[in-house]
Amino acid sequence: MITDQHDRLLIIDFGSQVTQLIARRLRELNVYCEIHPYQNVTAAFLEEFAPKAVIFSGGPDSVMREGSPRPPRQVYDLGVPILGICYGQQVMMQDLGGRVEAGEHATAEFGRAWVKPSDRRDDILKGWFMDGSGREQVWMSHGDHVADLAPEFEVLGTSPGAPFAITADRARHFYAVQFHPEVHHTPNGRTLYQNFVQLAGFSGDWTMDAYKDEAIRKIRDQVGDKKVICGLSGGVDSSVAAALLHEAIGDQLTCVFVDHGLLRLNEAEEVVTMFRDHMNLQVIHAQEQELFLGELDGVSDPETKRKIIGRLFIDVFQKYASEIEGAEFLAQGTLYPDVIESVSFSGGPSVTIKSHHNVGGLPEKMGLKLVEPLRELFKDEVRELGRELGLPDSFIGRHPFPGPGLAIRCPGEITREKLDILRKADAVYIDQIRKHGLYDEIWQAFVAILPVRTVGVMGDGRTYDFACALRAVTSVDGMTADYYPFSHDFLGETATRIINEVRGINRVTYDITSKPPGTIEWE
């Protein structure tokens, strides 16, 4: 296991919606960490995992409830620093001899709050309270509150609703805060995490340069001299996985690129050219446009579209992969968030890994073993690894593209005419965004062609063409999103270009719906 070579931090998850953000903040500090649900953390697990520090996440439960989530008692005897966050603070106090009270309106805090320091200082707060205001903005979310500190703990910071907002047992390096340092609403939260890992003695040895070399060795050990097949979509995950595998095993890797006719303008040629011609990978270009578009003919229900595309993708991939003699491994671009989500917090079975991150039941059906070289990484780490592998920024920084492709950006019935119009309009829109230097500020941008025709006037003639909607959002992880605030000049210039350059569109709109209530994609 790669991570045996690194100091490890354990995050015990009590069900917070933002636990993943804790891990991402730590990875940004070059600290390797893993998230594990509290019920999976046993004394035996702690001994095997051997964390150098532990963080208790927040959670929705109340420590006042009998049977509420708790860590194993042995965690306090490991002799390593512990940081409790929100519910995690209350767990520490309750477990170690303090007292927690049920929330009342006067003591509950939800949202932005300000913490002020006590007269006691500690290295955990180095870099805090430095702007002259004598306070720090934090994000609170608690009903219950600590009423009495556990023995040996002292107060380092207070807020109007939390007299024990920051507490510490200095001798044991146990720290507890009532707020969430991981969210962006706590602007200086990263500094607190940085102080914690420095106090714990982490060297910051988790880098993508080191990971690349370790992952290559691991792949070679796992695969030996056997052949590997990899589904290549041209997205960031599969592209980085393919590049890493190729560096590790060379011609033992064959990639299958399924061209379903629902890609963006010139996308298939760009993907195949880069990987086959410039990176010397063996790539099978499965040109199955007629099969996919034929089966989608007359279909307008979005869920039916997805199911047809998913079924055909698996059938096509299996057809081409079965022609690769001697293949014993299937490579997938599974990421760490997929691994986390596959372990339900409630302990039950999970079906949350997204279908486009794998190829159904193919490993079992074809008798293949899995290679998942990215399963320990977050998306931003995958991008950094891609740079280490020499992939161009044009691929590394690409906006997400859905597995069903343009099918879900073409509401209603799919036709070849509408797809051709959509490709051209999308290309103009993305060109505009790049020309104005906005591409990297946007999480995802695309055009949707609407299932309506509108009357227009071009020159002296009447037109009756399609309307389209521009979509651009900012986001951290795609779970929530806000529309991008383009200027009216940009939108006007872009609409003019699309109408002038794309035959078949005579009306352009801009979608200003956030997520929620809307979704990012239209279907």
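Which strands and helix do the buried residues of H4 pack against? Some notes on that and two other spots follow.

1. A word on the model first. It is predicted, with local features needing pLDDT of at least 70 and side-chain atom pairs counting only at pLDDT 80 or more, while totals for chains, interfaces and linings use all residues. Residues are numbered from 1 along each chain as its sequence is written, and side-chain values use heavy atoms, leaving out hydrogens and water.

2. Helix H4 spans residues 189–199, and its buried residues are Gly189, Thr191, Leu192, Tyr193, Asn195, Phe196 and Val197 (buried means under 20% relative accessible area, with a 1.4 Å probe and protein chains only). They pack against helix H1 (19–28) and strands E1 (8–13), E3 (53–56), E4 (82–85) and E11 (174–177). Just after H4, Gly201 has a positive phi of about 85°. Helices (H or I, at least four residues) and strands (E, at least two) are DSSP runs, numbered from the N terminus.

3. Have a look at H6 (236–249) and H12 (379–388) too: they pack at about 45°, with axes 10 Å apart. Val236, Asp237, Val240 and Leu244 of H6 meet Lys379, Val382, Arg383, Leu385 and Gly386 of H12.

4. Val41 sits in the loop between strand E2 (32–37) and helix H2 (43–49), and is buried at 4% relative accessible area. Leaving aside neighbours within four places in sequence, Val41 is in contact with Leu10, Ile12, His36, Leu46 and Pro72 (contact means heavy atoms within 4.5 Å).

Conventions: Buried < 20%, exposed > 50% of the residue type's maximum accessible area, 1.4 Å probe, protein only. Axes fitted to C-alpha atoms, helices over the stretch in contact; angles between N-to-C directions.
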